[in-house]
Amino acid sequence: MPNQVDDRYERQIASIQKELTQLQTSARIVTNAGELEQLEHEIRAITDRLAAALLGQRVQASLDSDEMSEAEKTMIEKHPKRLKSEGEKISRRSHVIRM
């Protein structure tokens, strides 16, 4: 399943970067304060989406890392009671959360 999640982030990031490139290379001219404000809003919305996608990708990679697996094993070994696995959970946003 990690490959599907990784691929989804890669496609999302590539799509957002394409939007930024199109905005950067467009011949759009700003002639008044309203247009400038609108352009600023568009740029901020696109870069916010890019930041969220990059952050999500890094968090998922951290969750999938060997270091996290080792930390989980250590925590489970030190737990005073036996833990019952509930398997993988899928959130409302279709992110896989491994438990």
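**Salt bridges and overall layout of a predicted chain**

Arg-49 is partly exposed, with 37% of relative accessible area, where partly exposed covers the range between buried (under 20% relative accessible area) and exposed (over 50%), found with a 1.4 Å probe and protein chains only. The structure is a predicted model, in which local features need pLDDT of at least 70 and side-chain atom pairs count only at pLDDT 80 or more, while totals for chains, interfaces and linings use all residues. Residues are numbered from 1 along each chain as its sequence is written, and side-chain values use heavy atoms, with hydrogens and water left out.

Three helices and two strands make up its elements, in the order α-α-α-β-β from the N terminus on. Helices (H or I, at least four residues) and strands (E, at least two) are DSSP runs, numbered from the N terminus. The chain has 99 residues, and 14% of them count as buried. Its accessible surface is about 8,300 Å², with 54% belonging to carbon and sulfur atoms; such areas come from the Shrake-Rupley method with a 1.4 Å probe, and for residues only the protein chains shown count as cover. Contacts (heavy atoms within 4.5 Å) between residues at least 6 apart in sequence join residues at least 24 apart in 61% of cases.

What does the salt bridge count come to? A side-chain nitrogen of Lys or Arg within 4 Å of a carboxyl oxygen of Asp or Glu makes a salt bridge, and the count comes to four. One of them pairs Arg-49 with Glu-19, with the closest N and O atoms 2.4 Å apart. Because Arg-49 lies in helix α2 (residues 33-64) and Glu-19 in helix α1 (residues 2-25), this pair ties together parts that are 30 residues apart in sequence. Glu-19 is partly exposed, at a relative accessible area of 27%.

A salt bridge also joins the side chains of Arg-28 and Glu-42, at 2.8 Å from N to O. Here Arg-28 lies in the loop between α1 and α2 and Glu-42 in helix α2, so parts 14 residues apart in sequence are tied together. Arg-28 is partly exposed at 37% relative accessibility, and Glu-42 is partly exposed at 25%.

Helix α2 also holds both residues of a further pair, Arg-44 and Glu-40, which are four residues apart and so separated by about one helical turn. In their salt bridge, the closest N and O atoms are 2.9 Å apart. Arg-44 counts as partly exposed at 48% relative accessibility, and Glu-40 counts as partly exposed at 42%.
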